[in-house]
Amino acid sequence: MPFPSTFLWGAATSSYQIEGAVREDGRGESVWDRFCHTLPPRIARGDTGDTACDHYHRFREDVALMRDLGLQAYRFSIAWPRVLPEGTGRVSAAGVSFYDHLVDELLRAGIKPFATLYHWDLPQALQDRGGWLNPASVEWFAEYTDVISRRLGDRVQGWITHNEPWIVAFVGHFYAGHPPGLADLTAACQAAHHLLLAHGAAVPVLRRNAPLAEVGIALNLNPVYPASDRPADQAAACRQDGFLNRWFLDPLFRGTYPDDMVALLQEWLPRIDLAAVRAAAAPLDFLGVNYYIRNVVEHAGDELPLRLRHVPQAEAETTAMGWEICPKGLTDLLLRLKQDYAPKAIYITENGAAFDDPPPRDGVVEDPQRVAYLRAHLMATEAALSQGVPVKGYFVWSLLDNFEWTHGYEKRFGIIHVDPVTRARIPKRSAQYYRQVIINSAAHEG
Ligand code: FCB
């Protein structure tokens, strides 16, 4: 696979999923701490992120593993409640210095730090003030961005404002699957609006505090296909695309919400000044694409609000999450992004898979399915690259087996195995494969 020598090879994680140490050094409570500890249990096996991978104490070991892997970049997220335990106001010196040390350790290992500001662990103190439903959340986020980027802006080379704001807005406020656990579409649309405005407010702060860094956002984007070529199914696919993809892409790249979706969702948008979303369109250096699945949908008149239904692909190979494996969806998605939005650059900020790996044997975990998954998706990326899509790098999800949200530790996405009891790290065969990909790609240099 002839990737350009400048292509950036990385791995991704997020704070709540790996750090643990939730009560240490003055860290404030996050919405995920509260969610995991609220009865009845909503997380598989009653798992929590209390200890997670214990990365807070083992980050030097983890950076050494990254260096052995040959990683060129590492995407981590910053826990807002570690930096500002009450969400605003008082800064925790210990919290900030954890990230300070992590960044220095990465730089010493020759690894570019990419920091995500918000990967879902909102300070509980801010949730108690309404969370993303409070219009003040826009200023809260700008303040947090300012505090942390003033400290790290001279060294962090890539900044990602939000991770998957669609999930925060809709899974958190409409499907009730994540905190704050609401089932209210009006609230979800409002949360989405504030997330977009918060992004728009953070970008100029990052420009000021990190003038040399690249700034972007990471979206979960799913290419959507109609189940048949019936016009009704095609229209359904267009609505699902509007809901999942265009609801964020249009504001970010055009400064407007998509008209067809505004018309469709209008009764759920009563309190939103839709024109204000132009503030979300601050020019970006890159779009971060998190790719896992495609959607296949058909028209279903009685299914509100979108009047469509997902059509399972019976024959398809799936991961342990039950997600269809569809590398071609990634190529289609990347080509479409270039055509419709022409981002300056794209990083694949997440892609990877959970499989039921066997236990380690002789110091390695054999995970041939993950190797095949990665190979297929890298080829799909390369296919888009060779058709002119400006993909500049790839971050595998994830570096470590970690706390997979409501699935707890049952679903393992890592290229490095983490022992559930001792938390010892053992690279999987996929880590060796990935290392070789990086070496081969560097060899193309000449
Ligand atoms: C994404 C999340 C990430 C991880 C992967 C599997 O939606 O950004 O934290 O859970 O899915």
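**Exercise 1.** How many aromatic pairs does the structure hold?

Solution. The model is a predicted one. The structure holds 42 aromatic pairs. Two of the pairs are worked through next.

**Exercise 2.** Classify the pair formed by phenylalanine 174 and tyrosine 175.

Solution. A pair of rings is described by the distance of the centres and the angle of the planes. For phenylalanine 174 and tyrosine 175, the centres are 4.8 Å apart and the planes make an angle of 45°. Planes under 30 degrees apart count as stacked and those over 60 as edge-to-face, the rest being tilted. The pair is therefore tilted.

**Exercise 3.** Is tyrosine 175 buried, partly exposed or exposed?

Solution. Buried requires under 20% relative accessible area, and exposed requires over 50%. Tyrosine 175 has 45% relative accessibility, so this residue counts as partly exposed.

**Exercise 4.** Classify the pair of tyrosine 394 and tyrosine 434.

Solution. The centre-to-centre distance is 6.3 Å. The angle between the planes is 55°, and the pair is tilted.

**Exercise 5.** Which classes of residue make up the shell around the ligand?

Solution. The shell has 5 nonpolar, 3 polar and 3 charged residues. Among the surrounding residues are Gln17, His119, Tyr292 and Phe413. The space that the ligand takes is the largest pocket.

Notes:
Residues numbered from 1 in each chain as written. Predicted model: local features only at pLDDT ≥ 70, side-chain atom pairs only at ≥ 80, totals over all residues. Heavy atoms only, no water. Near = heavy atom within 4 Å. 1 Å grid on protein atoms, 1.4 Å probe; cavity = no way out; pocket = protein on both sides within 12 Å on 5 of 7 lines; lining within 4 Å. Sits in = over half its atoms within 2 Å of the grid points. Nonpolar A, V, L, I, M, F, W, Y, C, P; charged D, E, K, R; others polar. Phe/Tyr/Trp six-rings, centres within 6.5 Å; stacked < 30°, edge-to-face > 60°. Buried < 20%, exposed > 50% of the residue type's maximum accessible area, 1.4 Å probe, protein only.
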